[in-house]
Amino acid sequence: MGQGQGRGWEGAVLRLMRAKDYVFTVTGAEDVTPEYRRLHFTDGGMLAATGVHPTMWVRLWFDNAGKPHQRAYTLVDPDPAAGTLSLEFALHEGCASDWARAAKPGDTVEATVQGTGFESPEPAPSHVVAVADPASLPALNSLLGALGPVPATIWFEGSLEGLPYRAAAHHDVRQVERRDAGRHLVEEVKAALPDLLKDTARPYVWIACDTATTRALSAHVRKELSVPRQRVNALGYWRAS
Ligand SMILES: Cc1cc2nc3c(=O)[nH]c(=O)nc-3n(C[C@H](O)[C@H](O)[C@H](O)COP(=O)(O)OP(=O)(O)OC[C@H]3O[C@@H](n4cnc5c(N)ncnc54)[C@H](O)[C@@H]3O)c2cc1C
């Protein structure tokens, strides 16, 4: 203790990297489905200081039996002028999920801004391929909103029923059941991608699933399908155990 305001080495490292801390206060909650909960917050001055970019995320600090537990969450509808934002939690077992399940107006959580960023694909994509799941749905919505009316093919692991997916006419969505720890999704995407990319002049591939699935798919896209590294954005969103 004593380092990084009692958050151990992770806090100390983030502090050395000049991360900034803010306190979010819950102002409301919505149970979107039994497994997906949206919380509304005031931002403690964060957005005015940091600005906003597509798929922006923060590190939130939760208490895990007295130890700091840091997890990433994506900003939903951030409004710097109002100083408000929402977060959407795909619920499962875990400290962050437990906190979100119980959160009520007046509750607070600390946020650190470090590591988030976004580079608009240049030149603009002629076709977007996105692979996502409930944890990356907020980021998927943000990404597709930022890229505008580009045709997009989206593989979604799980069911979108009742979830706040921001559909558009130029999106082709393929829902795939999670089976074999994600390997089923990997096979489905691998089977369809070559044909899809064949006629795509400027693809942009965005992958945000569990870490193993993300790694398998991004390696395939870059090595087997030869999509240039700068046209592939892949980040593991959670670790399956
Ligand atoms: C950049 C970024 C942005 C993210 N944005 C969001 C977001 O907006 N909304 C959101 O819900 N998640 C988001 N995530 C994912 C979230 O950070 C993880 O799911 C995190 O592990 C949740 O923490 P926890 O304390 O609830 O569970 P942990 O303590 O991390 O894990 C507990 C158990 O739950 C399992 N688990 C963890 N996450 C999932 C999951 N998503 N699905 C099924 N099982 C899981 C683990 O394998 C483990 O067995 C984001 C991740 C990244 C990297």
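Author: A residue is near a molecule if one of its heavy atoms lies within 4 Å of it. This is a predicted model, in which local features need pLDDT of at least 70, side-chain atom pairs count only at pLDDT 80 or more, and totals for chains, interfaces and linings use all residues. Residues are numbered from 1 along each chain as its sequence is written, and side-chain values use heavy atoms, with hydrogens and water left out.

Reader: How many residues surround the ligand?

Author: The closest include His 69, Glu 88 and Arg 239. By class, the shell has 13 nonpolar, 7 polar and 4 charged residues. (Ala, Val, Leu, Ile, Met, Phe, Trp, Tyr, Cys and Pro count as nonpolar, Asp, Glu, Lys and Arg as charged, and the others, Gly among them, as polar.) The number of residues around the ligand is 24.

Reader: Which element gives the largest share of the shell around the ligand?

Author: Helices (H or I, at least four residues) and strands (E, at least two) are DSSP runs, numbered from the N terminus. The ligand sits in the largest pocket. Elements that give two or more residues to its shell are strand S4 (67-74), strand S6 (84-90) and helix H3 (95-102). The largest share, 5 residues, comes from S4.

Reader: What counts as sitting in a pocket, and how much space lies in the largest one?

Author: More than half of the molecule's atoms must lie within 2 Å of the pocket's grid points. On a 1 Å grid over the protein atoms alone, a pocket is an open set of points where a 1.4 Å probe fits, with protein on both sides within 12 Å along at least five of seven lines; lining residues have an atom within 4 Å of a point. A volume is the space filled by probe spheres set on the points, which are joined across faces, edges and corners. For the largest pocket, that space is about 1300 Å³.

Reader: Which element gives the most to the lining of the largest pocket?

Author: The lining has 39 residues, with His 92 and Ala 135 among the closest to the pocket's centre. Strand S3 (57-64), S4, S6 and H3 each give two or more residues. The most, 6 residues, come from S4.

Reader: Which peptide bond is cis?

Author: Most peptide bonds are trans. Pro 123 is in the loop between strand S7 (108-113) and strand S8 (127-132). With omega near -5 degrees, the cis bond runs from Glu 122 to Pro 123.
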